[in-house]
Amino acid sequence: MNKPQQFLMFFFLITIVTNSAAQSTPPCVCCTEAHSQFDFWVGEWNVYNPQGQLVGTNRIEVVQDSCVRVEHWVSAKGTFTGTSYNFYDTETKRWRQTWVDNQGGNLLLSGEWKDGSMTLDDKEATGNEENYNRITWTPNSDGSVRQHWQKTEDGGVTWTTVFDGLYKKM
């Protein structure tokens, strides 16, 4: 084979290999509008209470081919840490969160993006319609995010604030 034929053969083989690799790459099944509804929360954050005091830091990252948002919480003193796994359930068309922390606490939440906020609660997981938690994340126009965690013991007639945090990008 002369040099031009070798070049053409090489070019032909590279084209076949490249096309084959491109065709074998599966599509991103979680790259949908619904799967990105919680992306306003992705990033590295300082979190402040309503009095403006730093209460902790939080890092939210996208993993598993854009299917999961993982939260890494650390309190300001470093004594309380927690992790949550957040994902869009395509069967139920609802968001799910599994939270676990270093104090033995856990929450199983589900909910949806509605009216400019992500709202998840544990009513479904606990089966208790009287006593349950509700957490709402609201993106603000300045890029910050408010997380408001509330609890009811009377089926939603009255609510008590458990946590009210303002997330500001680091």
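**Close-up views of a predicted model**

View 1. The model is predicted, so local features need pLDDT of at least 70 and side-chain atom pairs pLDDT 80 or more, while totals for chains, interfaces and linings use all residues. Residues are numbered from 1 along each chain as its sequence is written, and side-chain values use heavy atoms, with hydrogens and water left out. His148 has a relative accessibility of 14% and therefore counts as buried (buried is under 20% relative accessible area, exposed over 50%, partly exposed in between; 1.4 Å probe, protein chains only). Its side chain makes a polar contact with the side chain of Thr161 at 2.9 Å (a pair of N or O atoms within 3.5 Å; within protein, one must be able to donate a hydrogen and the other to accept it, and residues adjacent in sequence count only if both atoms are side-chain atoms).

**View 2. The aromatic pair of Phe38 and Trp137.** Twelve aromatic pairs are present in the structure (rings of Phe, Tyr and Trp, the last by its six-membered ring, with centres within 6.5 Å; planes under 30 degrees apart are stacked, over 60 edge-to-face and the rest tilted). The ring centres of Phe38 and Trp137 are 5.2 Å apart and the planes stand at 70 degrees, so this pair is edge-to-face. Phe38 belongs to the loop between helix H1 (3-24) and strand E1 (43-48), and Trp137 to strand E8 (residues 132-139), so the pair ties together parts 99 residues apart in sequence. Phe38 is buried, with a relative accessible area of 0%; Trp137, at 1% relative accessibility, also counts as buried.

**View 3. The aromatic pair of Trp41 and Tyr167.** With centres 6.3 Å apart and planes at 65 degrees, the rings of Trp41 and Tyr167 form an edge-to-face pair. Trp41 lies in the loop between H1 and E1 and Tyr167 in strand E10 (residues 160-169), 126 residues apart. Both Trp41 and Tyr167 are buried. Ring pairs link Phe38, Phe40, Trp41, Trp45, Tyr88, Trp95, Trp113, Trp137 and Tyr167 into a cluster.

**View 4. Charges over the rings of Trp159 and Tyr48.** Arg134 lies over the face of Trp159, 3.7 Å from the ring centre (NZ of Lys or CZ of Arg within 6 Å of the ring centre and within 35 degrees of the ring normal). Lys168 is placed over the face of Tyr48, at 5.4 Å from the ring centre.

How values were computed: Helix = DSSP H or I, 4+ residues; strand = E, 2+ residues; numbered from the N terminus.
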